[in-house]
Amino acid sequence: MTVLALAGGVGGAKLANGLASVLPEGDLVIAVNTGDDFVHMGLHISPDIDSVTYALAGMNDSVRGWGVKDESWAFMEATRHLGGEGWFNLGDRDLATHVLRTQLLTKAPLSAVTADIAARLGIRQAIVPMSDDPVRSMILTDDGEMAFQDYFVRHQCAPRFRSIRFAGAETARPSAALVAAFEDPALEAILICPSNPILSIDPILSVPGIRQRIVDRRVPCVALSPFIAGQAVKGPAAKIMTELGLPTTADTIARHYEGLIDGLVIDEADVPGWTGEGPTIHGADILMRNVDQQQALAHAILAFAANLRS
Ligand code: GDP
Ligand code: CA
């Protein structure tokens, strides 16, 4: 049995980590958004790949919600002291990943480099970038168009969101490992993590061929809602949906993934208010506060998908 999970950063990493701990080694492929990737201070940074990698390596900072635990910040302090670029935080330990990735990328594509770094950290699951080709999320706001990290970090998502486009997507190809996962005869389920549908999942779907492969699926596809009681657990998903005039409910998630999903896992407290059409609904406690809850939810989602299969 193989499971393919589509993931962004923090929300993706939480479910991916639960799946990694309940599925046999080798049975999980995590396809990760690279629309947030950028070059900063000469370093190739892949924030969502890093979030997933750090979580599966058990080295993520679950309190801060991003980056490496037991982090130190000497590099940032020195950078600011020198009047260097201080708007994007790079912890000392995190920095080692970006330096190594940047070096390795001179000789190998991102998917090989991602697998190499994961192996060095003892990870047995496949973490695969959506594409080896550059795809860059560009956010159109009321203050004009900006690169993803300018919007997300420099401006803290404050400008009003209008639309997103994925520069480079037209000519990008899905990574070979992702295509192989779709074509694997052992594939039993496709899961869409509770990642931000617009900022994290849509870039993956923008790579030619990926959306169509999900539309043409022969196995169930199940999504997990990022909304609980009308709010996002973290990040700007609710703010963006509101700015687009959409309610911040599971119905909106179902509509967003129309044609792509057979099942949607929503919070049990939201089940009575569900008025949507389309996917089969499964209610569960979908807030993952710790690893035990990541595991419990992974079990529940896999069982739900198996049910949809039969
Ligand atoms: P980013 O790339 O780091 O911004 O993270 P993602 O896009 O992967 O995930 C962000 C989304 O995950 C947000 O919309 C959150 O609402 C959602 N999220 C985070 N933690 C949880 C959780 O414990 N449960 C659920 N259901 N959603 C979560
Ligand atoms: Ca992200």
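**Figure 1. The charged end of R154 sits over the ring of W87.** In this predicted model, the charged end of R154 is 4.3 Å from the centre of that ring. To count as sitting over a ring, NZ of Lys or CZ of Arg has to be within 6 Å of the ring centre and within 35 degrees of the ring normal. R64 does this too: its charged end sits over the ring of W66, 4.9 Å from the centre.

**Figure 2. F38 pairs up with W87.** Rings of Phe, Tyr and Trp (for Trp, the six-membered ring) pair if their centres lie within 6.5 Å; planes under 30 degrees apart make a pair stacked, over 60 edge-to-face, and the rest tilted. By this rule there are six aromatic pairs. In the one shown here, the ring centres are 6.3 Å apart and the planes are at 45°, so the pair is tilted. F38 belongs to strand β3 (residues 38-40) and W87 to the loop between α3 (74-81) and α4, so the pair ties together parts 49 residues apart in sequence. Helices (H or I, at least four residues) and strands (E, at least two) are DSSP runs, numbered from the N terminus. F38, W87 and F88 make up one aromatic cluster. Is F38 buried or exposed? F38 has 13% relative accessibility, so it counts as buried. Buried means under 20% relative accessible area, exposed over 50%, and partly exposed in between (1.4 Å probe, protein chains only).

**Figure 3. F148 and F152 form a stacked pair.** Their ring centres are 5.0 Å apart with planes at 20°, so "stacked" is the word here. Both sit in helix α6 (residues 148-154), four residues apart, which is about one turn of the helix. F148 is buried, at 4% relative accessibility, while F152 is partly exposed, at 34%.

**Figure 4. Seven-name lining: I49, D50, T53, T97, R101, T114 and I117 surround the largest cavity.** A cavity is a set of points, on a 1 Å grid over the protein atoms alone, where a 1.4 Å probe fits but cannot get out; lining residues have an atom within 4 Å of a point. The largest cavity holds about 30 Å³ of space, a volume being the space filled by probe spheres set on the points, which are joined across faces, edges and corners. α2 (47-56), α4 (92-104) and α5 (110-120) each give two or more residues to the lining, with the largest share, three residues, coming from α2.

**Notes.** Residues are numbered from 1 along each chain as its sequence is written, and chains are lettered from A and ligands numbered from 1 in the order written. Local features need pLDDT of at least 70 and side-chain atom pairs pLDDT 80 or more, while totals for chains, interfaces and linings use all residues; side-chain values use heavy atoms, without hydrogens or water.

Definitions and conventions: 1 Å grid on protein atoms, 1.4 Å probe; cavity = no way out; pocket = protein on both sides within 12 Å on 5 of 7 lines; lining within 4 Å.
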